[in-house]
Amino acid sequence: MALLRLRITGTEDHARAISDLLLGLEGIEHVEETDDLMPHMDDDDSSSAGLSDDIGPGTHELEVEVGNESTAQKVRDAVQELALELDVFVEYETDEG
């Protein structure tokens with residue numbers, strides 16, 4: 001079984017659209033949004049202290065468990081196609097297990 005980690009640079013709606021796509025693919029074991037699990041450690045002395053962090057697109061992280069490498073490639077292909085359509089950026093990190 002393989003675990004794919006996706007980092008999506010886009011809106012909440014974009015992340016939801018990609019998550020919905022993944023849930024509809026055959027061979028997907030599990031999809032979970034994992035961003036914001038750790039508290040943000042803002043430095044009070046930072047030049048950006050107190051500034052809004054909601055300017056521009058956000059980032060959203062998903063973990064996707066797939067049964068095999070063939071399904072992992074199917075995920076990459078489907079997500080790439082949707083990302084191009086939505087005009088969002090997706091990065092991948094893979095753990096083979």
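Select helix H1 and colour Ala15, Ile18, Ser19 and Leu22, which are buried; buried means under 20% relative accessible area with a 1.4 Å probe, counting protein chains only, while exposed means over 50% and partly exposed lies in between. Seen down the axis of H1, the buried residues fall within an arc of 100°, so they line one face of the helix. The arc is taken from the directions from the helix axis to the C-beta atoms. An α-helix has 3.6 residues a turn, so residues three or four places apart point the same way.

This is a predicted model, in which local features need pLDDT of at least 70 and side-chain atom pairs count only at pLDDT 80 or more, whereas totals for chains, interfaces and linings use all residues. Residues are numbered from 1 along each chain as its sequence is written, and side-chain values use heavy atoms, with hydrogens and water left out.

Next, view H1 from the side. H1 covers residues 12–23, and at 1.5 Å a residue its 12 residues should span 16 Å, which agrees with the 16 Å between its end C-alpha atoms. The expected span is 1.5 Å times one less than the number of residues.

Now show the whole protein chain. Its elements run β-α-β-β-α-β from the N terminus, giving 2 helices and 4 strands. Helices (H or I, at least four residues) and strands (E, at least two) are DSSP runs, numbered from the N terminus.

Not counting residues up to four places away in sequence, Ile18 touches Leu6, Ile8, Leu62, Val79, Leu82, Leu86, Val88 and Val90; a contact means heavy atoms within 4.5 Å.

Which residues touch the most other members of the largest nonpolar core? Select Leu6, Ile18, Leu22, Val64, Val75 and Val90, from a core of 21 residues. Strand S1 (2–10), H1, strand S2 (28–33), S3 and helix H2 (69–86) each give two or more residues to this core, and the largest share, 6 residues, comes from H2. Such a core is a set of buried Ala, Val, Leu, Ile, Met, Phe, Trp, Tyr and Cys residues joined through side-chain atoms within 4.5 Å.

Finally, select His60, which is in strand S3 (residues 58–66). Is His60 buried or exposed? At 7% relative accessibility, His60 counts as buried. A polar atom of the His60 side chain lies 3.0 Å from the backbone oxygen of Gly10, and the backbone oxygen of Thr11 lies 3.5 Å from a polar atom of that side chain.

Notes
Polar contact = N/O pair within 3.5 Å; in protein donor to acceptor, adjacent residues only side chain to side chain.
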